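Try each task yourself before you read its solution.

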Amino acid sequence: MLDTFYREFGYGYVPQWHGDVMDIEGTYLDDPRHLLLVAVRDGEVVATTGVRSAGPAHPPHPRHLAERYPSGTTAQLVRVYVHPDHRRRGLARTLVDTACDFIAATPGYERIYLHTNVDVEGAEAFWRGLAKEIFDARTTGEHGPGVATVHFEIPVPVGR
């Protein structure tokens with residue numbers, strides 16, 4: 001995940017955005033409503049996907065999104081990263097599908113929310129194939145220059 005912040009995003013670790021990465025156990029393993037999926041090949045982590053029971057924070061995200069996706073009833077997909085050498089092999093789709101199944105089986109979740117930096121190669125096309133755009137924040141600069149954020153929602157799976 002840290003590699004993604006530095007290599008893909010180009011801005012590195014930002015404590016107010018990436019605290020979960022420094023406390024994986026407390027964030028993902030100690031909370032039964034949270035999940036961290038990791039794909040490993042030849043001993044190397046090549047993909048991740050996380051679920052947290054938190055909506056988007058305001059700020060930096062717009063207030064209307066924080067109100068639409070309240071913490072507790074919103075499952076937020078986070079850290080959906082695939083190393084560039086392992087893309088286009090179905091890893092992200094498999095991890096996201098598994099995370100959505102987990103969300104559907106976890107009591108209390110009503111919505112699945114995510115946001116992504118569409119400047120990452122393939123990210124926008126991937127999410128547009130799975131999710132509905134809720135808000136395009138590219139013109140707002142909510143994360144500062146060079147971060148092209150788009151917010152999405154995925155229906156909670158039923159009977160999968």
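How many helices and strands does the protein have? There are six helices and six strands, counted as DSSP runs numbered from the N terminus (helices: H or I, at least four residues; strands: E, at least two). Before you go on: this is a predicted model, where local features need pLDDT of at least 70, side-chain atom pairs count only at pLDDT 80 or more, and totals for chains, interfaces and linings use all residues. Residues are numbered from 1 along each chain as its sequence is written, and side-chain values use heavy atoms, with hydrogens and water left out.

**Exercise 1.** Find the aromatic pairs and classify them.

*Solution.* Start with the rule: rings of Phe, Tyr and Trp (its six-membered ring) pair if their centres lie within 6.5 Å; planes under 30 degrees apart are stacked, over 60 edge-to-face, the rest tilted. That gives two aromatic pairs.
- Tyr 69 and Tyr 113 have ring centres 5.0 Å apart and planes at 40°, so this pair is tilted.
- Tyr 69 sits in the loop between helix H4 and strand E3, and Tyr 113 in strand E4, so the pair ties together parts 44 residues apart in sequence.
- Phe 126 and Trp 127 are edge-to-face, with 4.8 Å between centres and 75° between planes.
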